[in-house]
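This report describes the strand pairing, core packing and aromatic contacts of a protein model. The sequence and the coordinates are shown first.

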Amino acid sequence: MCGIAGIVRFDGATVDRKTLEDATDRLAHRGPDAAGTYIDNEGTPCVGLGHRRLSIIDLSFSANQPMSSESGDVRVVFNGEIYNFVKLRELLRHDHRFATNSDTEVIVHLYEQYGEDAIAMLDGMFAIAIYDRRQHKIILARDRVGKKPLYYYHDRTMLLFASEIKAILSMLPGQKIDINEQAIPFYLVYGYARPPHTFYRSIDGLEPSTYMVYKHTGEAETVTYWHLKDHILSSSADADRYPKDDSLLRLKLTDAVRKRLVSDVPLGVFLSGGIDSSIITGIMSRLTSAPVKTFSIGFSEDQHYDETGYANIVAKKYGTDHHVFIVTPRAIDLIDRLIYHYDAPFGDASAIPTYIVSNLTRQHVTVALNGDGGDEIFAGYTRFTAARLSEMIPAPLRSFLAGTVALFPDLGSGRSIPSRARRFLRALNMPLIRRYINWVSYVQPDSLNRLLNPSVYRGSDYEDTIPSYFTSHLKGMEETSVLTQLLYLNFKTYLPDDLLIKMDRMTMANGLEGRSPFLDTELVEYAFGIPDHLKLKGLQTKLDLRYTFRDILPGELMHRGKMGFGVPLGAWFRNKLKTYLEGHIIAGSPMINAYLNAGEIRRIFDEHQSMARDHGLALWLLLTLELWLRGTKDGKGKGQGL
């Protein structure tokens, strides 16, 4: 796991070494073990590649990057892990000589042998830059799911790219990069900028499953090399393919874990106490001889957010070397540091405990497996159950029930039964996809215009335009089941745009590599073909997964529902953090007032304090947006870091 950066000049200008090295140094937290640069100012175009290394496989100096082919015509910088590199090495060994045992060298020779087709042959998580000096082109590639990030800035004179935006900003000294104010409405609803765009104009993210080819003229072509949708549409939903005791599922997940145990440094597991991480812990314990090191986070203030009791049960069952950290409101002191690593405001407050558990874990191991992806492919979220249940209710009855929402106060924890009922009912009379979108929104699209400053967002109807991002993913999926559509939608949006970004930034901020067995390509393709009735039945989620691994799961976990990895913001903002919050988004002249309606912010704050509504999540969005704006150079987007 590493950080990469690069400069490509199409205008004949040369690459400045200090600029490249400064950008690479901005990524030192991603790769504390080694640094390297390569510059070619004699080629067409002129190219500079930078790398920071976190050594995981082949710890020797010879495996450092940028890495070159024997001829020097191909150079590669790479962030991630290639899980099938041993098989690919065997495929290439008759035609190529290997000087290292690293997966990076496999990429170099695979590209020499197969050109751009090499990218689709890689099984892993990756962000890769390949410089082909013979053909005068640069290739940027990203893994299928979007585990590893890659951002870029491109104009007629140059291409800049990096694992994090801060490195790109450092390569634009003195050049103003404006805030992308159109990212703010989408952020308020979903917690992130609308992909592939970012909070900075002219800086975009390379989308998952794609690679871009830049010619020496600066022209670019984008290729999508993996289409999960095509696999779903062509797969059979024949229930006979999937026996109740799903031995193929057991084989595929066990193999996914086994592949992710290849490492020359110590490994552990993030053990939340949920179904997914517990299964990973159990499988890993059976595949290794020494006790597995496990790491958990809990909250003492609110039992709705604490799973440490269940994590302890799993740890005891497998005799793991278990470590627990309890998060308190003081953890919010980390927020400036987290914004620095995100390069943006962020809606998912679970970044706080994720950072803390990553920091704790890094004191003991360098690689940590996790349960990311299990909910997306096996239908673990309660919103999937809610969607299927709501579709079973006749339309007239849905309309009646939606009118009863006022009977359920939105008090206390956002995870309380009244709060969950309120969220379910308030969207019940909407079309299915809009219903689902409202369930996952921070600020409701139909109330967004009250919050936006009309002098900035004049005449825009975000109630209609923002949900279009979600519905656009479902084109061609009309004949699939409701559950399949929602699983796919979640896989293409919330997973890469929220969960995976959070996991990458928070682990890499601590020089820790995170690996996700549930996102193994073969497992994902298999799971999306499993019939609905083997995933959901009534209120029970993940049926196939639970039953197949019933020997691994402790009895206490077999039938428990999804808790989620959240933070008790509602209670924090009414108590110990009330003054902190008010001082940032209400008092004085908050910078968010340039984009948002100060009166509406005050109304949300007061309503939360009076316990008329729980606005903890919305207030978190406003707070991180305010702090990010303050962290830019002048609040108008010069953005040279904090």
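## The antiparallel sheet

Two strands are taken to pair if DSSP finds at least two bridges between them. The model is predicted. In it, six strands form an open, antiparallel sheet with the order β2-β3-β1-β9-β8-β10. Strands β2 (34-40) and β10 (203-205) are the edge strands, and each of them pairs on one side only. Averaged over the sheet and ignoring direction, neighbouring strands are turned by 15° against each other.

Strand β1 (residues 2-9) is joined to strand β9 (residues 158-162) by five bridges, and the two run antiparallel. Within this pairing, valine 8 stands opposite leucine 159 of β9, and glycine 6 has phenylalanine 161 of β9 as its bridge partner. With strand β3 (residues 46-53), β1 pairs in the antiparallel sense over eight bridges; here cysteine 2 stands opposite arginine 53 of β3.

## Burial of strand β1

In a regular strand, side chains alternate between the two faces of the sheet. In β1, Cys2, Ile4, Gly6 and Val8 point one way, while Gly3, Ala5, Ile7 and Arg9 point the other way, and all are buried. Because eight of the eight residues of β1 are buried, this strand is largely enclosed by the rest of the structure.

## The parallel sheet

An open sheet of five strands shows parallel pairing in the order β15-β14-β13-β16-β17. Its edges are formed by β15 (321-327) and β17 (513-515); each has a single partner strand, so one side of each lacks a neighbour in the sheet. On average, with direction ignored, neighbouring strands of this sheet are turned by 30° against each other.

Three bridges connect strand β13 (residues 267-270) and strand β14 (residues 293-299) in the parallel sense, and phenylalanine 270 has phenylalanine 295 of β14 as its bridge partner. Helix α9 (residues 308-318) packs on the sheet, where it touches β14 and β15, and its direction makes about 175° with that of β15.

## Serine 285

Serine 285 belongs to helix α8 (residues 275-287). Is this residue buried or exposed? Its relative accessibility is 18%, so serine 285 counts as buried, the limit being under 20%. Leaving aside residues up to four places away in sequence, serine 285 touches Val292, Tyr318 and Thr320.

## Nonpolar cores

The largest nonpolar core comprises 193 residues, and Leu188, Phe491 and Leu596 have the most contacts inside it. Helix α27 (residues 616-631) supplies the largest share of this core, with ten residues. A second, separate core has 19 residues, among them Val77, Ala129, Leu140 and Leu159.

Which residues surround leucine 188 through contact? With residues up to four places away in sequence not counted, leucine 188 touches Tyr442, Val443, Leu448, Leu451, Leu452, Leu596, Leu621 and Leu622. One of these partners, Leu596, is itself listed with Leu188 for the most contacts inside the core.

## Aromatic contacts

A pair of aromatic rings is described by the distance of the centres and the angle of the planes. The model has 18 aromatic pairs. Ring pairs link Phe186, Tyr190, Tyr192, Tyr469 and Phe470 into a cluster.

Lysine 166 lies over the face of tyrosine 340, at 4.6 Å from the ring centre. Arginine 383 lies over the face of tyrosine 494, at 5.1 Å from the ring centre.

Key:
Residues numbered from 1 in each chain as written. Predicted model: local features only at pLDDT ≥ 70, side-chain atom pairs only at ≥ 80, totals over all residues. Heavy atoms only, no water. Phe/Tyr/Trp six-rings, centres within 6.5 Å; stacked < 30°, edge-to-face > 60°. Lys NZ or Arg CZ within 6 Å of the ring centre and 35° of its normal. Core = buried A, V, L, I, M, F, W, Y, C linked by side-chain atoms within 4.5 Å. Buried < 20%, exposed > 50% of the residue type's maximum accessible area, 1.4 Å probe, protein only. Helix = DSSP H or I, 4+ residues; strand = E, 2+ residues; numbered from the N terminus. Contact = heavy atoms within 4.5 Å. Axes fitted to C-alpha atoms, helices over the stretch in contact; angles between N-to-C directions.
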